[in-house]
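Here are a few friendly notes to read alongside the model. Have the sequence open as you go through the points.

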Protein chains: 2
Amino acid sequence: MEKEVLQSMHTLFYPRSVAVVGATDSPDRVGFNILESILYGGFKGRVFPIHPRLQTLQGLPVYPSLEEVPGPVDVAVITVNQFATVDTIAQCGRLGIKAAICVAGGYRETGEEGLRLEQRLVSVAREHGVSLVGPNTLGLISTAGDFYATFYPLKLPKGKVSLVSQSGGIGLTIMHKAADEGLGINKWVGVGNRSTLEISDYLEYLAQDEETGVIGVFLEGTEEARRLVETAARIAKTKPVVVYKAGRLNATAFAALTHTGTASGSYRMYRDIFMDQFGLFMVDSVAELVAACKALSVSALPAGGRLGVLTHTAGPSIALLDAASHREISVPPLQEATINKIKELLGENPPVVLKNPLDTVGLGFEAGIYGRLAKIVLEDPAIDLLVAIYCLHKNWRFPNQELLEAQHSCGKPVIAYYVSTWAGCHEARDILQPAGVPLYTSPEETAGAVSALVHYSNLNSNLKRRGVHAG
Amino acid sequence: MEKEVLQSMHTLFYPRSVAVVGATDSPDRVGFNILESILYGGFKGRVFPIHPRLQTLQGLPVYPSLEEVPGPVDVAVITVNQFATVDTIAQCGRLGIKAAICVAGGYRETGEEGLRLEQRLVSVAREHGVSLVGPNTLGLISTAGDFYATFYPLKLPKGKVSLVSQSGGIGLTIMHKAADEGLGINKWVGVGNRSTLEISDYLEYLAQDEETGVIGVFLEGTEEARRLVETAARIAKTKPVVVYKAGRLNATAFAALTHTGTASGSYRMYRDIFMDQFGLFMVDSVAELVAACKALSVSALPAGGRLGVLTHTAGPSIALLDAASHREISVPPLQEATINKIKELLGENPPVVLKNPLDTVGLGFEAGIYGRLAKIVLEDPAIDLLVAIYCLHKNWRFPNQELLEAQHSCGKPVIAYYVSTWAGCHEARDILQPAGVPLYTSPEETAGAVSALVHYSNLNSNLKRRGVHAG
């Protein structure tokens, strides 16, 4: 990837100054909304609204054109129509503005005429060396740069997960679920028509971005299939990549993403190839994408796939193991030393199910006992990570500190699944997740989390065995 | 099913008076919590706390024993330990109390000794004709009867969906998700050890319960497999039953639930048998269970499986069709007359994708246009139901009234999938769902909803074709 492109992408996510071309005082226009979003999002740099006649907008002085802005502009957010966008890009080029976000649609997605207009847009951008997001995009968010260039004023929790979405709509669905799950976001981009910046370009940028710990991708289909898969596979060796690939109806289209392009085989077969051959963690839903990204960004990786489960209610552990059963996970029996430690704690014939899953029945409601049992299971040398299932009960509190302590003292990952009606759950999440324990409220999403952690643990082990550096 | 059992089950869900045996003033005891839950839930009948010494509890007069309660008791909620529970059931029998909820564990789930105690409990209950929920249960909720007999004070929206859960933990996970989704609940029961009331008994009761429109079931495994499947299949002919079966790791265990008990085959194969042969709608997650129950309780059934999709963002429609692709759903092309109506509305060459899914791009943000397009697609004689995808945008409002009008004027089901960050979504849900349009915020859950509706539409058609009455 060219250094200039990388630099202009960095500028897109960390601008020091932004011009909004097409800013307006009509609250029903995108030019109004994006200016509002940028201000609401707490952007710390300078903002220059551009409008031919207005004096001020949302408290800011307005400039009649890009030329008249008194200072350098890092990013032009262009909200004018598809035709005026082309002229504005040329203007950016002349003024040395190297990065732009082009919101308007009306290009190749609308037919022949739109395609020709897009080709003009691309040639103008290339001529002047302008990198552009879109066109036809829902926008871009960089919580790291306090920069929210979208239609809707948002404020997201900061985190280590960055998302590249080929669909604005699914991108927004992901954000919605991420907010529900307390998943911190670092960067988010709706790639739009990908006229000058391809999905691979965003991946390359995020790969070297130190603020990004995990990359989530929503894919529909792309002409740059081979570069995309090779790029993602290379990145996955050092930074987890989670992929939700839609458009699976047609296995042929999916096959096109592999090296060989073999046209036979089911979606599931291709998914396995992507997992095994390319190391990418493939998911089947928005919920699983968010669950996996959360686990990979919050928790450390386990040393292997040997799962311990602690619960005081059987159903959730059964549903969890069902949902996780098709992955690289094993649920080994507890070692004798472990069982002896449990008996030391609870007596010779404790009223619990002395297996893995360890079902403590009523005893485990007490947070202190629950925490000691969590630690005992985690200390078992045959266990690499623990899922701790705890059921809401009016008399007892969630064992938050106890789980953190168990995780800390054993140095192995803990994933919490709290059976709840949300009572106390948000508070628990604010305690657990910043300290490295991701919290879920459904068995299937917990399974997705475990699967993602084990997948990247195995990938790292395989790379180490083969002498490949794993970051 | 015996008439007396049916009557005592009705009493369990609609008691006029309740005694709480083991009520206490220690806020860390179940006897305190359940009394609190009953009062917090707004129970309208008489409540008699039973305690040997206390005078009042939570504002109510306390009675030293069941014998001394001044009036008839419909249901005894028994929160004393497993041994005292057996004596209390005998007492209930002598006093003519025919229904009890037994919370305590410590029976067959703990081993030989517990099994013997449970056998005694059962024989005492049978001898006196007492129907009991549990033992070892999280409790029972009847929003229809304003009766909340659980450990945790809750207040749920009323609705038509009743749930039978073999696991208290998963039952609570379902309630949690139901609350998130605005799904109204009618009755909920954690079946516990099923000592006298089996899952089939609850199903029989809910089948004839006019307040219950849809039955959701979470199953682990059961010894009464054959009766259960036959009962559920019979009920499914007149009332939708949605089943989440866990314990799928072992396909053999699953096979045990079929007539033949054939031990070979995958989970997916058995799932298909349950769907096709028994007519049950099988789901793979808590989220899908709730999505399906919501669709079946909120929406009318479509006439068939021919799906129309209206969107202004491609990704969500692609992900939706992917997730729905393995079911009995087709996505037929729009008829010429339909395309002509769209052109009449938007001009000869409208900037939209004139296919099914109908992608309106930018045009569809205006609620009026969106509503007219929804109506045009629904009017297409080749379309049985519509998924309406609408993406949150600061300048535009959700087309709630328009979708209701389209559904009303065409008499075909509409399912809404709003791409949102929750802004406006709760309000939209409160408008749409009571008027018959279920609202979702993820493509996969929308697909689950469509699949459930189409499944029961097809089942009804098949039954009609074969001359079987479909309710």
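1. A nonpolar core is a set of buried Ala, Val, Leu, Ile, Met, Phe, Trp, Tyr and Cys residues joined through side-chain atoms within 4.5 Å; buried means under 20% relative accessible area (1.4 Å probe, protein chains only). The largest such core here has 279 residues, and A:Tyr418 and B:Tyr418 have the most contacts inside it.

2. Before going on, note that this is a predicted model, where local features need pLDDT of at least 70 and side-chain atom pairs count only at pLDDT 80 or more, while totals for chains, interfaces and linings use all residues. Residues are numbered from 1 along each chain as its sequence is written, chains are lettered from A, and side-chain values use heavy atoms, without hydrogens and water.

3. What does B:Tyr418 touch? Leaving out residues up to four places away in sequence, its contacts (heavy atoms within 4.5 Å) include B:Tyr390, B:Phe398, B:Leu432 and B:Tyr440.

4. Four of its five residues are buried, so S2 of chain A is largely enclosed by the rest of the structure. Five bridges join it to the parallel strand S1 of chain A, residues 17-21, with A:Val18 opposite A:Val47.

5. Chain B has an open sheet of seven strands in the order S9-S8-S11-S10-S12-S13-S14, with mixed pairing. Strands S9 (147-150) and S14 (281-283) of chain B are at the edges, each with a single partner strand (pairing takes at least two DSSP bridges), so one side of each lacks a neighbour in the sheet.

Methods:
Buried < 20%, exposed > 50% of the residue type's maximum accessible area, 1.4 Å probe, protein only.
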